[in-house]
Structures are given as C-alpha cells and as structure tokens.
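Work through the following exercises with the sequence and the 3D structure in view. Each task is followed by a solution in steps.

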Amino acid sequence: MRVAVVRRTGGPEVVTLEDARQAAPTGDEVLIRVDACGMCGHDQADRMGLTKISLPAVLGHEVAGTVADVGPKVQRFGTGDRVAMKQFTTCGRCAACLSGREIQCPQREFNYGGFAEYIVVRESTLLPVPDGVESPAAAVVACAVGTCLQALRRIAKVVPGETVVVTGAGGGLGLHGIQVAAALGARVIAVTTSVAKATQLQDFGVDHVVDAAEGDYWRRILDATDGRGSDVVLDNVGHPSVFSQCFRGLAHGGRYVFTGQVTGERVGFYPAFVFGKEAVITGSASTLMSTFVDAMEMVADGRVRPVVSTYPLDEVVRAFDDLDNRRVFGRAVIVP
C-alpha cells in the first residue's frame with residue numbers, strides 16, 4: 001500500500017510517498033481502508049519538529065473509512081461498515097477510562113498512520129458513521145468538531161446568550177468552532193487575518209468578524225459587546241500577539257481556552273491582569289468518546305457543516321503547502 005512518510009522534520013517537501021506492507025489486524029484491531037484523512041495543525045507541528053515524535057512516521061489522525069478486515073476479538077464492527085476514528089487510543093480499563101475521562105488515561109497513545117491507503121487501529125477508537133455523512137466530513141468530526149465542542153461545552157461551559165470569540169476563524173478548528181458555539185446558543189465573534197475568508201465566514205453563524213490585521217483589534221471586540229468584552233475566547237492559534245489582543249477583549253470573569261498553538265513561541269502575561277479580571281485561563285486537550293458521539297450527531301442533523309478541501313494522497317505535499325500558507329478554508333482532507 002502507499003503511505004506518506006516523514007523521515008526528517010521541515011517543510012512540506014520532507015513528506016514522501018512510499019510503498020509499505022499492509023498489516024493484518026489481530027486481537028481487537030480493525031483494518032480500515034482509508035476513505036479520507038483530515039490534516040490539522042498537529043500534523044504541521046509533527047512535521048516541523050515542534051512536537052516529540054519518533055521518525056520515520058506516517059502522520060494523519062483524522063480517519064474515516066471502510067472496515068476491510070477485523071481481528072478475532074472485534075465485536076462491534078464487520079467488513080463493509082463505515083467508521084470514523086478518534087485521535088487517541090486508551091486502555092479502557094483504568095479509573096479514568098471507566099469514569100469517562102479517558103483523556104487522562106496513563107496509557108493514552110496518539111493515533112498516527114492516516115495518510116495511507118490502509119490503517120490498523122483498535123476497535124475502541126472507532127465510531128459508526130451515520131448514513132448521509134460523507135467520509136471527508138466524517139473524518140474531521142473527532143478533531144475539528146469534537147475538540148471545539150469539548151472546549152466550549154465541557155471546559156468553558158458556554159451557555160446560551162454568551163459571547164464567544166474564535167481565533168483562527170477561517171481555519172480547520174476555527175470554522176468548526178464558530179458553528180459549535182452558534183449551535184450552543186452563543187453570539188460569535190470571528191477573528192481572522194484573511195480578508196478573503198472574512199466574507200465567507202458570514203455564512204457560518206458569525207455575528208461579527210474582526211480583522212486581526214487592524215492592530216488593536218481588542219477594541220473591535222469591546223465595540224461588538226457594548227464595552228463588556230467576550231465571555232469566552234476559543235484560541236486555536238496560541239500566539240503571543242493573539243493572546244494579548246483577545247485577553248484584553250475578555251470580560252470580567254471570562255474564560256480563555258487554548259486549543260492549539262501554531263508556532264513554538266511562548267505566551268506570557270502579567271498575573272495582575274488575570275486576577276484583576278478574575279479570569280480563567282485554561283486549555284482543552286482533545287475529544288472524549290462521549291463528545292465524539294455528540295459531535296457526530298451535530299454533523300448528522302446539520303447543526304454543524306464540516307468544511308473541507310480534498311486532495312489525493314499523491315498531492316499530500318501540496319496540501320501541507322496550502323495549509324502552511326493559509327490557503328485552506330476549513331480543513332484540508334487527504335482522500336487516498
């Protein structure tokens with residue numbers, strides 16, 4: 001089978017297509033024919049060397065596909081079933097897993113291998129794909145939609161009527177975070193550096209669009225909230241300049257949630273600014289299976305519309321280049 005391999009860190013050019021042996025599933029493993037695999041900031045960070053990952057590696061963790069074979073202990077899936085994969089695998093037996101907090105599992109392992117024609121994963125990471133949800137959309141549900149739902153509902157505890165600022169609004173997390181916030185009943189302020197994307201954002205539940213190139217755009221956030229500031233910031237960018245602006249636009253008692261970091265730069269702040277606002281600065285790591293289920297339901301019933309740009313596997317370098325240069329509206333998805 002063909003796979004996209006990273007043998008050294010760097011730009012898009014370090015990704016090469018190679019032939020690899022197709023593994024057979026054992027135990028509770030499932031062999032999936034990859035119909036689609038999303039490409040996100042985590043893949044960028046891995047490729048660029050901003051994370052600790054063993055090389056060589058086949059990246060890709062947002063998989064949707066068709067079951068091609070199953071191990072002898074698999075109970076829930078059979079050949080021909082359509083499935084989507086969560087970002088990580090856990091033991092399923094520890095206290096964290098049994099209490100629905102599997103993100104804290106001490107044996108948690110991130111899933112890799114999606115930029116390929118086939119992948120073998122454990123049954124526990126998979127969710128059935130409902131009829132009517134196409135594979136490119138299903139592929140991004142756990143990461144692009146689920147991560148935002150986890151951050152906004154479980155961590156930030158957004159309630160209807162609150163105002164949510166979403167950074168990196170035209171990107172894979174941002175565009176879906178906008179829709180999730182709107183589905184939760186929030187007013188949404190989208191922050192973007194792309195004028196071209198700003199006009200497109202109006203179709204996705206945005207109440208105000210703020211141009212991050214305007215300089216002190218925290219003032220625009222205050223203007224949009226009658227001087228009060230936003231109740232929540234969903235920061236998918238994690239850059240010092242973004243934090244300094246959006247934190248100034250945060251309301252007293254607001255919640256600032258980090259979900260991503262696009263560069264290796266450190267974010268800093270004065271503690272007085274935090275306790276002066278009685279603000280909460282926190283983060284959201286990933287997606288619980290329960291959140292994955294809810295996110296898939298939101299997509300199936302149309303409350304969230306996954307926005308993807310598809311690329312064949314042999315154009316994975318171009319997909320990375322477009323992602324690096326912010327030419328992708330929504331999520332880039334590899335379709336082998």
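**Exercise 1. Strand β3 and its partners**

Task: Find how many bridges join β3 to strand β9, and in which sense the two strands run.

Solution. Step 1: β3 and β9 (residues 118-122) are joined by 5 bridges and run antiparallel. Helices (H or I, at least four residues) and strands (E, at least two) are DSSP runs, numbered from the N terminus, and two strands pair if DSSP finds at least two bridges between them. The model is a predicted one, in which local features need pLDDT of at least 70 and side-chain atom pairs count only at pLDDT 80 or more, while totals for chains, interfaces and linings use all residues. Residues are numbered from 1 along each chain as its sequence is written, and side-chain values use heavy atoms, with hydrogens and water left out.

Step 1: Look for a facing pair. Val-30 stands opposite Val-121 in β9.

Step 2: Go on to the other partners. Strand β5 (residues 62-70) is joined to β3 by 8 bridges, again antiparallel, and Arg-33 stands opposite Thr-66 in β5. Strand β18 (residues 331-335) runs antiparallel to β3 with 3 bridges, and here Gly-38 faces Val-333.

Step 3: Of the 11 residues of β3 (residues 29-39), 9 are buried. Buried means under 20% relative accessible area, exposed over 50%, and partly exposed in between (1.4 Å probe, protein chains only).

**Exercise 2. A residue in a loop**

Task: Is Gln-75 buried or exposed?

Solution. Step 1: Locate the residue. Gln-75 is in the loop between β5 and β6 (82-85).

Step 1: Apply the cut-off. The relative accessible area of Gln-75 is 74%, so this residue is exposed.

Step 2: Compare sequence with space. Gln-75 and Glu-123 are 48 residues apart along the chain, and their C-alpha atoms are separated by 8.3 Å.

**Exercise 3. Packing of α4 and α5**

Task: At what angle do α4 and α5 pack, and how far apart are their axes?

Solution. Step 1: Recall the description. Two packed helices are described by the angle between their axes and the distance between the axes.

Step 1: Give the values. α4 and α5 pack at about 50°, with axes 8 Å apart. That makes α4 oblique to α5. Axes are lines fitted to C-alpha atoms, for helices over the stretch in contact, and angles run from 0 to 180 degrees between N-to-C directions; under 35 degrees counts as roughly parallel, over 145 as roughly antiparallel, 65 to 115 as roughly perpendicular and the rest as oblique.

Step 2: Name residues that meet. Among them are Cys-148 and Leu-152 in α4, and His-176 and Val-180 in α5. Contact means heavy atoms within 4.5 Å.

**Exercise 4. The largest nonpolar core**

Task: Which element gives the largest share of this core?

Solution. Step 1: State the term. A nonpolar core is a set of buried Ala, Val, Leu, Ile, Met, Phe, Trp, Tyr and Cys residues joined through side-chain atoms within 4.5 Å.

Step 1: Consider the members. The core has 48 residues, and those that touch the most other members include Leu-152, Val-158 and Ile-178. The largest share, 8 residues, comes from α4.

Step 2: Examine one member. Ile-178 lies in helix α5 and counts as buried because its relative accessibility is 0%. Beyond its neighbours within four places in sequence, Ile-178 has contacts that include Val-166, Val-188, Leu-201 and Phe-204.
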